[in-house]
Protein chains: 2
Amino acid sequence: MKTSENRPAVTIHEIAQHLGVSSAAVSSVLSNRQVERRISDATAKRIREAIQKLGYVPNMAGRRLRSHRPATREFNLAILTSFEAPLPLVAQALHTLQAEADARSTQHTRHAIAIEMFHAGRLSEKPGLLDADRYHGVIITNTLPADDAFLAKARLPFPAVVLGRRIPGYFCVLEVPDFVGRRSAEVLLDAGCKNPAVIHGQLLTQATSERVSAFQRTIRARRKQPPAIIVSEGLQPHNAIVALDEFFAGGGRCDGLFAVTDSLAVGAYRVFQQRNLSIPGDVAVVGVGDHELAEFFTPPLSTLAGANDAMVSEAVPLLFHQLEGSSDRPREILVVPPVYLRESTQRRH
Amino acid sequence: MKTSENRPAVTIHEIAQHLGVSSAAVSSVLSNRQVERRISDATAKRIREAIQKLGYVPNMAGRRLRSHRPATREFNLAILTSFEAPLPLVAQALHTLQAEADARSTQHTRHAIAIEMFHAGRLSEKPGLLDADRYHGVIITNTLPADDAFLAKARLPFPAVVLGRRIPGYFCVLEVPDFVGRRSAEVLLDAGCKNPAVIHGQLLTQATSERVSAFQRTIRARRKQPPAIIVSEGLQPHNAIVALDEFFAGGGRCDGLFAVTDSLAVGAYRVFQQRNLSIPGDVAVVGVGDHELAEFFTPPLSTLAGANDAMVSEAVPLLFHQLEGSSDRPREILVVPPVYLRESTQRRH
DNA sequence: GACGAATGCTAAATCATTTTAGCCAAATCG
DNA sequence: CGATTTGGCTAAAATGATTTAGCATTCGTC
């Protein structure tokens, strides 16, 4: 790590002043135009050395402003997601956003689109989010309650659409409440399960926590006793393996599992195989369709949700609507998640 | 689609002029400071209407420049990848880059990091890539030959590191040539395969095409006849299913498969299951470890490559080195991909 | 009816950079 | 030796937005 970067930054003017030349000369050298601008080799060399020595870093805002073509508008759009969340969903959102942006690009209108990430629960620490000088609009997804609280309080100074979360004052796109939790419980019960369980990670997004509690309520209502709740440290398969092994070692019983993430289901598959429990014969498994490979698991995994296509299709037009200056009041759009019943929850005779 | 956006863009000055007020007034209304700045409600209303009617879009470069705190340097870094490529690798690169950037952030130095995407083979159409006014540095990955050619010719006006590809004039990080192709051939042969085959998608990155040809060469050298080559339309499991079904329907034979992508291996698993070919009993399968779930497939998939961790760990410091103004000559770093032998290539008695 | 305060605005500076027009001295030419 | 060219630079404008200081009015009060 160079300590040099701890010094204050310098501008082109300061370099010029330091050398007793004009800033035009420095700029010419920086863009390698010193020959056509007729800066002598000796001066160019002095300038180059100063640039190096003082650790000059160009200010992109200055450059962009200067090179801006008049009468052109440029939209800076971003998808904000957490480092911890699965990416395929986000990629799809980007794809849709990009396609829509391309369709709207004209002679005078350009769009720049990026994915940016924040640490789950620490959205508030993301630099520039509260300033109005970075984004024209954003789609925010995979937030934790702490992030939601921050957003509810902060009110971003630019259009935003929130995915999978209901936050007052924002345009939100989310799945029909309780649907996934209730249906996954029904799917397991219909498959003949007597001892259903749910596995989820420690960190709960609002969508996930609603799924879990709706699952609990439904099971309790139908079977007069609550399901087992298994908590894994993270969302990766090996987290599920550790949590389930512990569960069984402690005498836990389970003949039907709702995994709030497909990657948890993958870990569960492994544990059941190792314990010689057949799927769905001994234990049925249902996941949420956040993984494109779910239908290729052995056996193919039944999934709910994964309404991501649908949510994104709603969210993107909503964002552009705001960008175009609509003054509509924030509203919520509810999406019904698709249900894919596959072999992993086949009814037992 | 609003046609309004086809009109030339307007600036704050133009709005002001149009209304016969000052640009300061317009700016005050835009930032909702009209009360403290003592703009009358009537004027504020007129301004707001004009903003709406003329379709004003703020120029972020102007705003950022204005709000720039002197003596502060800001690095804009990006990871450029193709829409078509698998994302987990990229997420990891972002993670590493972000961590390194955070470690280097000081009172006077900030970093902004994003993932941006281009259509495979059309990197040249990405706006702003040839201008020096957007990025301080980039990591480029998942390029196709057309992109490579573009990069070789263009010479980007900012530091860059290319992953998985050798391009003259750039810092490149890639796997040891031929390693993956040769080792995957050896793994299949060691498992006792007599009729090895390889499956890949139509679009070939340089890394992939090298893997395929090294595989071919190795097989031909050892078995005196070339492997079957199966080409799928895309990289998704269903593409592999279509291609393999066609291959078998056409009388193709195969008792060992090298899948250049794990998602292709997933599709292959399905086809083999449906044809009652056991893995690895009847057919051995080896993939490249671009999928975190490979070890959880049934049976667990042997993988090569997936040297992504290692490549990223090399690439990130290389980028920062350039950002710090090092004038080193571009060089290549070769990484040896790890090899994970799992059940899918277990030797037959 | 004079003074102070409130109201409603504007002019100009500032942020960092690039480019255009042009200045002055030295070299070359006729 | 005067005119023209070349070399080596600089001053200043321009890009778009925000903020600070301040200028006119009008209003209220004693």
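How many residues of chain B are in contact with chain A, and with how many residues of chain A? In this predicted model, 72 residues of chain B are in contact with 72 residues of chain A.

**Relation between the two chains**

- Two copies of a chain are related by a rotation about an axis and a shift along that axis.
- Here, a rotation of 180 degrees, with 0.0 Å of shift along its axis, places chain B on chain A with an RMSD of 0.1 Å.
- The two copies are therefore related as by a two-fold rotation axis.
- Both copies use the same surface, since 100% of the contact residues of chain B recur in chain A.

**The interface between chain B and chain A**

- The size of an interface is often expressed as the accessible area lost when the parts come together.
- Between chain B and chain A, the buried area is about 6200 Å², and carbon and sulfur atoms give 58% of that area.
- Two salt bridges are counted between the chains.
- In a salt bridge between the chains, the side chains of Arg134(B) and Glu74(A) meet at 3.5 Å, N to O.
- The count of residue pairs in polar contact between chain B and chain A is 22, with both residues at pLDDT 80 or more.
- Several elements of chain B each supply at least two residues of the side that touches chain A, among them strand S1 (73-82), helix H5 (88-104) and strand S2 (109-118).
- Helix H4 (60-67), helix H9 (237-249) and helix H10 (262-274) of chain B also each supply at least two residues of that side.
- By class, the side of chain B that touches chain A has 30 nonpolar, 24 polar and 18 charged residues.

- Sugar and phosphate make up 55% of the atoms of DNA strand C that come within 4 Å of the protein.
- Arg38(B) has a polar side-chain atom 2.9 Å from a base nitrogen of DNA strand C.
- By class, the surface near DNA strand C has 11 nonpolar, 10 polar and seven charged residues.

Methods: Residues numbered from 1 in each chain as written. Chains lettered and ligands numbered in written order. Predicted model: local features only at pLDDT ≥ 70, side-chain atom pairs only at ≥ 80, totals over all residues. Heavy atoms only, no water. Least-squares fit on C-alpha atoms with pLDDT ≥ 70 in both. Contact = heavy atoms within 4.5 Å. Buried area = accessible area lost by both parts, 1.4 Å probe. Salt bridge = Lys/Arg side-chain N within 4 Å of Asp/Glu carboxyl O. Polar contact = N/O pair within 3.5 Å; in protein donor to acceptor, adjacent residues only side chain to side chain. Helix = DSSP H or I, 4+ residues; strand = E, 2+ residues; numbered from the N terminus. Nonpolar A, V, L, I, M, F, W, Y, C, P; charged D, E, K, R; others polar. Near = heavy atom within 4 Å.
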